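Hi,

Here is the structure I promised to pass on. Have a look at it first, then read my notes below.

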Amino acid sequence: MIEVSLLGWLLVTLTSPLALVLLLVALGSVAYLGVTALEAAPRRRGARAVGTGAAACALAAGMVGLRVGAGAGATVPTAAVGIAAAAAIGATAACAWTFGARAAAALGAAQARRSAAALRAGDERRRLLAASQRAYAEGDDLAAETAAADDAVARLRAAVGALACARAALEAKRAGAQDAPPSEERPEASALAEDLARACDEAALKLSMGQRVLAAAEAAALRIACNAPLRRLLRRRPREATQALATLGAGALAPAAASIEAFLGEVRAARVEVAEIAERRAPGAPGAPGEDGATGPEGAEGPAALALRELAAMESAYGALLERLRLAELHASARASVEQVESAAGALSATARAAAIDPGAIGALVTEIARAESAVAAAAPEAGGSRALAEALAAGSVALDRSDATSLAELIAALRELR
């Protein structure tokens, strides 16, 4: 029995020397497979250092605490097992470092690819959403609807034309049969004439129905075409501007006015477009606008007249709103000017109050000057000086009562002259 222990802890018990040899072979195989895998794999920075460090640590631990067997003969198997285990551990650590780093890089690349794909998908969704919103605002679906109606009318007109040609051919054949000389020996000729008459009547009936359907289809196509600009304007109306007026107050007046003014330009352009559509599509038809805008048998009820009336109402409403916004802007500007005037006046009033002359300070000044001049007069008395001083003080008191700065200046000058 061969006991393998590390730092006094029993790891495994080998039953024979052959088991020890097999253990050495297994450890060597592990080291060989690790080195072979490292040679086959792309080199990774730090793998050799990691493997060498792990092998050195394992060898040092084996030299310190590994024991294989007992007695004096345990040195060689201990050294062999320690070296083999160190080599296996070093190769395993290097492989783990290399392949772990590769796996982490692969996971990071996959995550980056998924993130990039998600970003691209998000950008594509946003682009498609923006394109759909732009197409909705520009009325691309309305244009497609108008084009589809025009195609349907064109096909219907072609079918009615073909039916008219067929009826004309039947009428011509019927006229030719009637012009032929009568023949009593051929009763089938009368049967043919009856069939031709019946076919002509049916063709005339179908042509009349087709023409009615064509007229209704043309009126519907005209209504669709005339309503398209109005429907587009309803989508493009300045919702943000009107909502900003309700939420932001006076600060949104100028942007809202600019937006509404631009929308009014679109409304005028739509009126011109509707008039052109009516003239181009149905000249002389019911509801087609003429020089006065809505002439024809059904002028007041035609699709063009109705669309123009709706556009006129929209223009009137937004025009009135624009005028009120302009007036509100003028009021806001006037209020701002008044506030500026009030602010300037308040600042000037505060400055004037701060710069006002204190009567007490003026009185103290006069008193000081009088005392000084009295001292000077006592030191060098002159004739008439007392009387001049009394007159100067009287003038000063009068000036103080009137708060007259000019008189104060005269008082000081008179006191100066008394010296």
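**What I found**

Among the elements that cover the buried residues of α2 are β1 (2–6), β3 (66–68) and α3 (75–138). Before going on, note that this is a predicted model, where local features need pLDDT of at least 70 and side-chain atom pairs count only at pLDDT 80 or more, while totals for chains, interfaces and linings use all residues. Residues are numbered from 1 along each chain as its sequence is written, and side-chain values use heavy atoms, with hydrogens and water left out.

Helices (H or I, at least four residues) and strands (E, at least two) are DSSP runs, numbered from the N terminus. The chain has eleven helices and three strands, in the order β-β-α-α-β-α-α-α-α-α-α-α-α-α from the N terminus.

Which residues of α2 are buried (under 20% relative accessible area; exposed is over 50%, partly exposed in between; 1.4 Å probe, protein chains only)? They are Ala-47, Gly-51, Ala-55, Ala-58, Gly-62 and Gly-65. Looking down the axis of α2, these fall within an arc of 125° (taken from the directions from the helix axis to the C-beta atoms), so they line one face of the helix. On the other side of α2, you'll find Ala-49, Cys-57, Met-63 and Val-64 exposed.

For the whole chain, 25% of the 419 residues count as buried.

And the cysteines? Cys-165 is exposed, at 55% relative accessible area, whereas Cys-226 is buried, at 0%. Counting disulfides (pairs of cysteine sulfur atoms within 2.5 Å) gives zero.

Cheers

Conventions
Contact means heavy atoms within 4.5 Å.
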